[in-house]
Amino acid sequence: SFLKCRFITTETTSIGIGSDDDDESKHKESENNVSNDNSAAPAHSGGIFTLRFDDEANQLISAGADGFIRWWDYDAIIGNAEVDLDVSLDVSIEMSKEIYIGRNVIVRNISFLDSGGAAADRKFLVQDQHGSLLMASLDGDEPLLVSEFHSGAISGLAVSPIEHIAVTAGADGSVRSWNFLEKTLLSTKQYETGCTAIEWFSSYTDKTNRSILVGFDDGNIRCLYLKKDEFVLRQILRPHTKAIRCISMSKNGQHVATSSDDGTVFIFQCDNNNIESKKVLNPIGFVE
């Protein structure tokens, strides 16, 4: 189990060293008689994924799942620490500064850029777990998106039959559309479950050729419509109990088959309704 440093503000309590696994941490604390104040609120809501020392500011920096980057005075930590090697290390510190990177941003890493200017003008790159790279500054300006990409394996690729558009699906749960001529990202849709398969819908059901079927790790299949710069959900079904591995369209576009890790193949009839319809696939049956 990895060890992590837990930061607490002055209004609550102190730093504690504990296991990355909560249950295992409690077990070790009980076993080794480590003293921690469990009533304290942590400095971050969720995991702390990056911890580094800022030489210029003489500050310790923490960042994590809540999208905040926070600075802690290093001298206050060293000067106020009460160390008992047999029990614990406890110190109360105040947060000196914080920057909010954004909603749904999970900060995995930060790296300062050598600006050569004043300390207040320093900029740094932020790696978001969801696949974004952002540039932020100490002056509190809104972070600038540098680039976006999948944060894990790309599990599927589908290309429009009539436009220079490709859609990728990733194990990180994101579905992304791209203009591959201009090399630009058009839209992103994020899900909690990883994507496992993708297929472009035929013109039989969508005359605009902008509907995509995406399979997921939890057995769901979603029909998405690419409307300008966003994905719109047309239908969601759960034919399988495990990950969908393949989605295949018949040549005439009237039937779809899906296969899964649960050992079944489902067959669907496609409706040729208008694009606003929420009824796209009608289950016919399955084989094992």
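Student: In which strand does Cys270 lie?

Tutor: Cys270 lies in strand 23, residues 265-270, where a strand is a DSSP run of E with at least two residues, numbered from the N terminus. This is a predicted model, in which local features need pLDDT of at least 70 and side-chain atom pairs count only at pLDDT 80 or more, while totals for chains, interfaces and linings use all residues. Residues are numbered from 1 along each chain as its sequence is written, and side-chain values use heavy atoms, with hydrogens and water left out.

Student: Why does Cys270 count as buried?

Tutor: Buried means under 20% relative accessible area, exposed over 50% and partly exposed in between, with a 1.4 Å probe and protein chains only; Cys270 has 1% relative accessibility, so Cys270 counts as buried. Cys195, at 2%, counts as buried too.

Student: How many disulfides does the structure hold?

Tutor: The structure holds zero disulfides, a disulfide being a pair of cysteine sulfur atoms within 2.5 Å. For Cys270, the nearest cysteine sulfur is that of Cys223, 8.9 Å away, and Cys270 is in no disulfide.

Student: What is the bridge partner of Leu213 in strand 19?

Tutor: The bridge partner of Leu213 is Cys223. Strand 18 (residues 211-216) and strand 19 (residues 221-227) run antiparallel and are joined by five bridges, whereas pairing requires that DSSP find at least two.

Student: What makes strand 17 and strand 20 edges of the sheet?

Tutor: The open sheet has the order 17-18-19-20 with antiparallel pairing; strand 17 (195-200) and strand 20 (230-237) each have a single partner strand, so one side of each is left without a neighbour in the sheet.

Terms used. Helices (H or I, at least four residues) and strands (E, at least two) are DSSP runs, numbered from the N terminus.
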